[in-house]
Amino acid sequence: MKLLVIEDNPTTGKHLETGLCEAGHEVLWIKDGKRGLDQALTRQFDAIILDLMLPELSGMEILGKIRIKGDRTPILLLTALGSIEERVAGLQAGADDYLVKAFAFPELLARLESITRRTAAPAIVHEIGLIKLDLSNRRVTSGVTELQLTPTEFSILELLMRQKGHVVTRKMLCEHLWEADWEGTTNVIEVHINRLRSKLEKVREPTMIQTVRGRGYTLGLN
Amino acid sequence: MVSTDSWFRSLRFRLTFWNSLVLLILVGLTLLGLRAGMSLALEHELDLLIKEDARETAMFWERFHATPEAITEELRRKSLSHEERGWFGQIIGPKGEVLFRTPSTPISFPQGALDSNGPVSFGRFRVVEVSTEKLGLGVGRVVVGSSIDFIQSDMDQFDDLILVAWLLMVIIAPGTGYWLAGRATRPIGEILRTAEKLQPGRLSERLSLSGAGDELDKLCLVINSLLDRLTTYFERQKTFLANAAHELRSPMAAIRAGVEVALHRDRTAPEYREILEDTAEECAGLSMLVNQLLLLAEMEGKLWNEVTPPVRLDDLARQTISMFQGVAEQNQIQLVPNLLPVSIGVNIHHLRPILNNLLDNALKYSNPGATVFFHVGVDPNGSDSALLSIQDTGPGISPDELSKLFDRFYRTDIARSKDGNRTGTGLGLSICKSLVEGHKGTITIESALGKGTLVLVRFPIATEVG
């Protein structure tokens, strides 16, 4: 994807540029609002990652100016202001989604994917290793054996398979399962992950859920 | 700032000015009324005198009409003895002819009868006429007059007195008024001076009471208690800020130590990986803390005024239970829900952390084999509120700890020992409290050691639209 990143913080900007490039995207990183707006209006991007607090021209102003031109390029807001009013204001001004800083990088990738994927229909069947997950009948099989999963376990596996090769954070899993994140020390995901793991082990499935310390989980081959 | 240039706008000046003005006008009017009354009284007195004189003269004439010399002599005597009054008189015969006339009679005075009986004014004179009828002399008339000049001179003297009295008032009234107003408003000046010295960081000064128990004392009391509350609030904020900084410091220290050690010498890739993973973990903790601090700042002491569409508390509770069901099973705690439909007008992003935090606490502090009851429904003690109750059969909380439970960063001994190193922030319950109260709800915790804890949250029921 061709991405425009408008972010004034040099460290954040640098890491965004590197991370997005490594994820296979073409990135143009602009450090100030004015030039950012120029680029957004003159060139075609698949998505714009827009910081809200910028020198000269604020993110909200840029957002307004892009949308008033009728430009519907997907825009993901990055904001340090996390209050509900501010998030609502961003979405009402025409942003497609927002991420509150500090976010985990996999979340940024997942959100980018979801705001740019609007037209393409998500896959019905996911496969990795021997596991086959069918969303149409909500069945999971490992080779010929059918796995008996609870709805929670099914949803966790579904997200992990959809994001195969990528890290899935606890926050992403929480939001996928219960529509909202749980910001507490109690790991409400871990117990389900453990059960899912033991069910996979039972059928000697070569695929396993790996814990990525400090970040989340990912599916990998044993 | 207390400005001295607008002195005429001061309360003291205005009090004095209006009070004196009203007083001087009232006293002036009173004195004028007094003067008019006095003038009338003197005139009336004079009228009585000349009536008497006229009657006397008439009687004298009736008696001595035969000896005109005696009458002339009597009139001369009278006009002489009443000279300073400008006395004069004339006696008119039945045919209208002037029989006698004192020389003091004004030349312009008509020779003849008046047409009226009562005392009338004639120029600078009061004149009265009486009729007499005796011994077949026919109807005669006696006219007696007296100058009003002496009244005028009396009144002039009185006017001088009045003027002096009034001028004294002009000096005394504003003077004493200004002094009294100064006395009355002195406490206000003190309040101003003390208030000017107050700074947000230095609120130790208090206004002194006069002890009179008047309105100003009451005002001082109100201001002092406001200062007390502000001081408490600022102290709390200061402690909170310091605590927050401390809480931020330990993950920061861990990150810094990790990074500096990593950079100290070249390392293998797995070593770098481990340090970065540590850092990511600490960052996640930092993020959580910062988000909680922001949530507190967003809701603390605030009322959520935006119109919020009603949400089904029981539906949200179902989600919370689904979220924690696994944890409960893992810890062998039986989670018993009883969810009855009820709607409340609470922002969903604020309601979720409340439910999650409370259930998380109940599960965290329950021992294996315990039961947690999770109830949602209409409050049986008041049908206009929704009740959420979470009851655990955990170890309970001591009364001492119970009172501090909602304090920010407060952790019970059990919380500290259970959480171990990856401890909670100690903000969960204070966030719950400010979120609940921000949505016009109440939260209470009852607990008995060894028996368990009961958390009750009440919200006003939303009136369904449409």
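**View 1. Packing of helices α6 and α8 in chain A of the predicted model.** Helix α6 (residues 151-162) of chain A packs on helix α8 (residues 190-202) of chain A at about 85 degrees, with axes 10 Å apart. Helices are DSSP runs (H or I, at least four residues), numbered from the N terminus. Axes are lines fitted to C-alpha atoms over the stretch in contact; angles run from 0 to 180 degrees between N-to-C directions. The angle makes α6(A) roughly perpendicular to α8(A) (65 to 115 degrees).

**View 2. Residues at the contact of α6(A) with α8(A).** From α6(A) come T152(A), E153(A), I156(A) and L157(A). They meet H192(A), I193(A), R195(A), L196(A) and K199(A) of α8(A). Contact means heavy atoms within 4.5 Å.

**View 3. The largest nonpolar core.** This core holds 81 residues. A nonpolar core is a set of buried Ala, Val, Leu, Ile, Met, Phe, Trp, Tyr and Cys residues joined through side-chain atoms within 4.5 Å; buried means under 20% relative accessible area (1.4 Å probe, protein chains only). L351(B), L358(B) and F374(B) touch the most other members. Helix α6 (residues 313-330) of chain B gives the most to the core, 8 residues.

**View 4. Surroundings of L358(B).** Leaving out residues up to four places away in sequence, L358(B) touches L388(B), I390(B), L429(B), C432(B), I443(B), V455(B) and V457(B).

**Notes.** Residues are numbered from 1 along each chain as its sequence is written, and chains are lettered from A in the order in which they are written. In this predicted model local features need pLDDT of at least 70 and side-chain atom pairs pLDDT 80 or more, while totals for chains, interfaces and linings use all residues; side-chain values use heavy atoms, without hydrogens and water.

Definitions and conventions
Helix = DSSP H or I, 4+ residues; strand = E, 2+ residues; numbered from the N terminus. Parallel < 35°, antiparallel > 145°, perpendicular 65-115°, else oblique. Buried < 20%, exposed > 50% of the residue type's maximum accessible area, 1.4 Å probe, protein only.
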